[in-house]
Structure formats: C-alpha cells, structure tokens
Amino acid sequence: MLGGNVDQDEGLPGPVVLSLVLLGAMFGMAAPADGGWWPGPAALLALAVQAVHCLPWTTRLRGAWTLAAQLLLASWSGVPGFAAASVLLLVRCRVRWVLFALVVLGAAALAGDGGFRAANGAGNALAQGLTVFALTRLFHLYAELHAARGRLASAQVAQERQRAARDLHAAIGVPLAAVLRLAANGDAAGVAATARRAAARVRAAPEPPRPSSPPDGPMPAVVLPVLIAAHLGYLAVGVVYLTELGLPALQLTSALAALATVTALQVRHSLPRPPGVRPSGYLATWALQCVLAVAVLFGPDGPHPQLLAFAAASALVLLPPAAGWPAFGAAVLAAGTVSGAAAVDVVTIALVCYGLALLTTLVDRVREARRALAELAVARERRRIARDVHDLLGSGLTAVAVTAELAVREPAAGHLPRAAALAERTLAELRAVPADGAELDLDRELASAEALLSAAGITLRRTGSAESTPAAARPLLAAVLREGVTNVLRHSRATECALDLGPAGLRLTNDRPHPGPHTPGRGTPNLTARAAAHHADLSTAATGPDSWTLTLDLAPLPAARTPRSGATRMP
C-alpha cells in the first residue's frame with residue numbers, strides 16, 4: 001500500500017464518516033415533525049450547529065454563542081447528545097466534564113419519569129456525546145496529519161542533513177583541516193598521505209542503511225476510554241430495559257448474559273488496531289454476535305434492537321465492504337420486520353460504532369503514509385549525500401593527494417599551493433553537500449582538470465567549450481568530468497587525454513589504461529544514476545588496444561529546466 005500512492009485504500013473519507021454519525025444520531029433521536037419520520041426544525045438546526053462545532057474549517061464561526069444555542073436547542077431538538085459533545089469540544093477547562101454530566105442528567109430528565117426512559121435518554125446522550133467528541137478529535141487529527149504529510153518528511157530530511165554534516169566533518173573535515181595545516185608548514189608528504197587516507201575512507205564507504213521509521217506519536221488518549229464508556233452506557237440502558245420487563249429469573253439471567261456477551265464482543269471488535277489487522281477468530285465471534293442478537297430481537301419478550309445494531313456495526317468493521325454493507329442492510333431489514341423504530345435504532349447505533357472504529361483506522365493509515373513518505377525522503381537524501389561524497393569529495397581528495405605527491409617529487413614546481421587550493425575547494429564542497437548539494441561550475445572543472453592533468457604530465461587535447469553544452473546539463477557534465485579525470489589518474493598510466501564537449505555531451509579518452517581488471521568502485525554506478533536522472537546515457541569501454549573512453553550522451557533537456565548561467569546546483 002505504501003510503495004506508490006500512499007493515500008490509496010483509505011475507505012470512506014473522514015468528513016463522510018463524521019457526517020454519517022451526525023445524521024444517524026439526529027434521525028435516531030430527534031423528535032419527528034407532525035408525527036412523521038422527518039426530524040423537526042429544531043433537530044435540523046441542532047445538526048447545523050453541531051456541524052459548525054465539529055468541522056475543522058468552521059473554527060471562526062463557533063464560540064460561546066453557538067454553544068449556548070446548542071444547549072438551548074437540547075430540550076426541543078431531541079438530540080441532547082449534540083449538546084453534550086459541544087460542551088466537551090468548546091469548553092477547554094476541566095469544568096467541561098461537570099457540564100457534560102449535567103447535560104446527561106438533563107437528558108434523563110427530558111426523556112421521562114420511567115426508569116428505562118430516563119436511563120435510555122441518559123445513555124444515548126452519554127454515548128452520542130462521547131462518540132461525537134471522540135470522532136471530532138480524530139477527524140481533526142486526521143485532517144492535520146493529511147495536510148501536513150510532507151512536513152514530517154522535511155523534518156526528517158533536515159535531521160538527516162544535520163547528522164550527515166556531523167559525520168562528514170569528523171570523517172573529511174578534520175583531515176582537510178589537517179591537510180591545510182600541513183600545506184602551510186610545507187609538508188607535502190604529510191598532505192599526500194592524509195589526503196590519500198581520507199579519499200580511501202570516502203570511496204570505501206558503504207551505501208547508507210535504510211532509515212528507521214520516525215516516531216509519529218500515540219493515538220489520542222481519548223479513543224479507548226470513550227469506546228469503553230459508550231459501550232458501558234449502552235450496556236446500562238440494556239440492563240435497565242431487561243430488568244423492567246419482569247422476566248423470570250432464568251430468562252432474565254440468559255438475556256443479561258447475551259447482552260453482556262454481545263457488548264463485550266463489540267468492544268473487542270472495535271478496539272484500535274493497525275489497518276488491515278483483525279482480531280483473532282473474528283468470524284466466529286461475529287457469528288456468535290449475530291446468533292445472540294437475532295435470538296433476543298425475535299424472542300418472546302419484545303424487541304431489543306441494540307444487540308443487532310452491534311452485530312451490524314461489527315459487520316462493517318470486520319468484513320470487506322462488499323460483504324459488510326449487505327450484512328448491515330440485512331440487519332436493518334431484520335429489525336424493520338419488528339418495527340420501524342427498531343430499524344432506525346440499528347442504523348443509528350451501528351453507524352456510531354462503525355464511525356469510531358473507521359476513523360481510528362483512517363488516522364492510523366494517514367500516519368502510516370506520513371511515515372512512509374518520511375522514510376522514502378530520508379532514504380533518497382542519504383543516497384544523494386553518499387553519491388555527492390563519493391563523486392565530489394572523493395575526487396577532490398584524490399586530486400589533493402595527486403598534486404601533493406607531485407609536490408614531493410618536484411618541490412620547486414609550485415604544486416603544494418595548488419594542493420592547498422584544491423583542499424580549500426573540497427572543504428567548501430563538504431559544507432555544501434549536506435545542505436542541498438554542492439555547486440559545480442563546468443568552466444571551473446575544465447580549468448581544474450587541465451591544471452591537474454598537466455601537473456601529472458598528461459597532455460590534454462580539448463575540443464568544444466562549456467558554452468557549447470546545454471546549460472541544464474552542465475552540473476552533470478562537471479561531475480562526470482571530475483570523476484573521469486580522477487579515474488585517469490587512479491587507473492591508468494596515461495600520457496595523453498582527449499576531451500570532446502558539445503551539445504551531445506562529453507567524451508573523454510585516455511591512453512595506456514592499467515592492464516587487467518581493477519577493483520570496481522561506486523563511481524561509475526553513481527554517475528550512471530546521475531545521468532539517468534537527466535535521461536542521459538553513460539558508458540565506459542576500451543576503444544582500442546591501448547585506449548579507454550568515458551562517454552556521456554545527453555538527451556534533449558526541457559527548456560524550463562535550464563538554470564541561469566554560471567554556477568549551477570548538482571542534480
């Protein structure tokens with residue numbers, strides 16, 4: 001799921017989940033208008049106010065006046081659960097739980113004098129208030145995570161660059177500083193030895209490891225308590241309902257056991273878990289829920305749709321959509337054969353339970369997507385830094401070492417100041433690599449290559465100039481030229497080189513390559529990857545009995561990618 005589009009397979013979007021729960025609560029509890037099935041104006045107004053309190057893009061509309069309006073509507077709308085949720089969402093201090101309890105008690109008083117009516121009113125306000133509160137918190141978290149998916153990747157890349165800067169300073173910066181001190185003291189042999197050791201470490205460095213997944217914080221602490229409290233509320237209402245039926249002791253015990261079993265299984269099915277993970281034996285436990293729910297619903301002592309609603313919610317949570325929604329529809333139809341009110345209760349309770357479980361899963365999925373994006377970004381950054389270190393800093397250190405070795409053989413030829421200048425250049429590139437890639441200039445690399453080859457006694461014949469090449473390809477050409485010259489110095493006994501530059505690319509040929517195979521490094525694969533990023537082709541081959549050629553064939557580059565003339569940033 002995370003290899004390509006990390007946002008796929010998220011199921012219903014967060015706004016749809018929240019809207020379904022709000023609609024289910026309104027239709028399940030609101031007082032109908034004129035005895036019909038459609039809720040009255042007060043219920044519709046309460047739904048609109050609750051939407052303002054729940055949706056993250058309506059922050060500016062909510063306030064004390066919308067909370068007061070929702071509290072006033074509670075007695076006429078028939079949905080006091082909205083008022084309970086609004087108190088938890090808008091009141092920020094601990095007193096909100098006291099106000100929440102008062103709203104729940106008020107819902108019990110509004111429901112009627114009977115024990116079951118009062119318990120049912122309080123239980124519904126408790127469950128709906130807590131669930132809408134938790135769903136809103138989850139939906140806000142989901143929206144924030146979804147909107148800031150790239151922020152975690154950027155933060156992790158920044159941390160990776162800081163780590164790389166520290167490591168590079170220890171591995172390369174310290175030796176380069178030593179090179180400059182030795183050069184200032186005229187110790188050409190020390191410069192050569194120090195640069196050789198540093199270059200060997202750079203070129204032998206392994207590919208960086210796969211980054212570990214960054215932490216993304218726990219699920220909000222409100223989820224599990226709300227889940228348990230809501231189900232306990234439904235359980236308490238069911239116990240009151242069964243107790244008031246006046247059933248014989250054995251029958252009452254059996255009914256209470258069925259109620260407790262189905263509710264406990266529903267909690268087990270709804271517990272937060274990673275996406276795609278289901279509780280062990282879920283098909284058997286769901287089947288047991290269905291059997292007990294149907295037995296109670298169609299028993300001789302009157303309808304009780306709550307258990308069937310739990311079974312319907314479990315079908316949506318546990319089964320694939322192609323099977324879950326038909327099972328949900330079958331549960332609604334089964335309840336409808338008893339009464340229309342029972343069918344509405346099944347829809348309402350099932351959507352509330354399903355919404356909480358589904359939105360928890362959505363938050364997990366978007367977190368997983370953010371972690372995957374961050375992991376991919378860090379891995380990409382590590383590969384980039386490793387390539388730049390090998391191709392740029394490794395070649396730079398090799399150039400310092402070669403020039404210092406020439407200074408040992410020819411002390412009066414002025415090679416040591418040139419080695420110090422190369423060390424300064426490499427030190428500047430060292431600082432740039434962790435930031436966003438070193439800046440390379442093709443003209444500067446041409447001058448450096450000519451001076452380095454000349455100092456090594458290698459004649460360079462050049463055709464073409466930097467101006468004859470595509471501007472967008474010059475950083476790539478500069479990197480290929482630097483690595484090619486380094487390979488000539490390391491892997492040949494060349495006396496002559498030919499360099500051809502032009503719109504089609506670069507061709508570097510040297511004579512007298514070392515006979516026999518040499519230990520391959522990472523230079524050519526790195527350059528091949530750079531070339532591929534520009535849709536170019538890099539190849540190396542023997543072009544005669546005593547010559548070796550490095551060729552870079554450029555593809556046409558879009559004009560929009562052409563940078564300004566002068567220094568350009570490495571790809």
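User: Which residues form a nonpolar patch on the surface?

Analyst: Some conventions come first: this is a predicted model, in which local features need pLDDT of at least 70, side-chain atom pairs count only at pLDDT 80 or more, and totals for chains, interfaces and linings use all residues. Residues are numbered from 1 along each chain as its sequence is written, and side-chain values use heavy atoms, with hydrogens and water left out. A patch is made of residues with over 30% relative accessible area and no salt bridge, where like charges are joined within 9 Å and nonpolar side chains (Val, Leu, Ile, Met, Phe, Trp, Tyr) within 5 Å. Here the nonpolar patch consists of Val-95, Val-98, Leu-99, Leu-102 and Leu-105, with about 440 Å² of accessible area together. Accessible areas come from the Shrake-Rupley method with a 1.4 Å probe, and for residues only the protein chains shown count as cover. Leu-102 belongs to helix H5 (residues 95-111); helices (H or I, at least four residues) and strands (E, at least two) are DSSP runs, numbered from the N terminus.

User: What is the order of the strands in the open sheet?

Analyst: Strands of a sheet pair through backbone hydrogen bonds, either parallel or antiparallel. Two strands count as paired if DSSP finds at least two bridges between them. In this model, five strands make an open sheet in the order E2-E3-E4-E6-E5, and the pairing is mixed. Strand E2 (459-463) and strand E5 (537-544) each have a single partner strand and stand at the edges, so one side of each lacks a neighbour in the sheet. From one strand to the next, the twist averages 15 degrees; axes are lines fitted to C-alpha atoms, for helices over the stretch in contact, and angles run from 0 to 180 degrees between N-to-C directions.

User: How many bridges join strand E4 to strand E6?

Analyst: Strand E4 (residues 505-511) and strand E6 (residues 547-553) run antiparallel and are joined by seven bridges. Leu-506 stands opposite Leu-552 in E6.

User: Which strands does helix H16 touch?

Analyst: Contact means heavy atoms within 4.5 Å. Helix H16 (residues 442-455) packs on the sheet and touches E2 and strand E3 (496-502), with its direction at about 150 degrees to that of E2. Helix H17 (residues 474-491) lies across E3, E4, E5 and E6, running at about 5 degrees to E4.

User: How many salt bridges does the structure hold?

Analyst: Side chains of opposite charge can pair when their charged atoms come close. A salt bridge is a side-chain nitrogen of Lys or Arg within 4 Å of a carboxyl oxygen of Asp or Glu. The structure holds 13 salt bridges. One of them joins Arg-382 and Glu-160 (2.9 Å, N to O). Arg-382 lies in helix H14 (residues 340-409) and Glu-160 in helix H7 (residues 149-184), so the pair ties together parts 222 residues apart in sequence.

User: Are Arg-382 and Glu-160 buried or exposed?

Analyst: Buried means under 20% relative accessible area, exposed over 50%, and partly exposed in between (1.4 Å probe, protein chains only). Arg-382 and Glu-160 are buried.

User: Which residues are linked with Arg-161 in a network of salt bridges?

Analyst: The network links Arg-161, Glu-381, Arg-384, Asp-388 and Arg-530. Arg-161 counts as partly exposed at 25% relative accessibility, whereas Glu-381 is buried at 8%.
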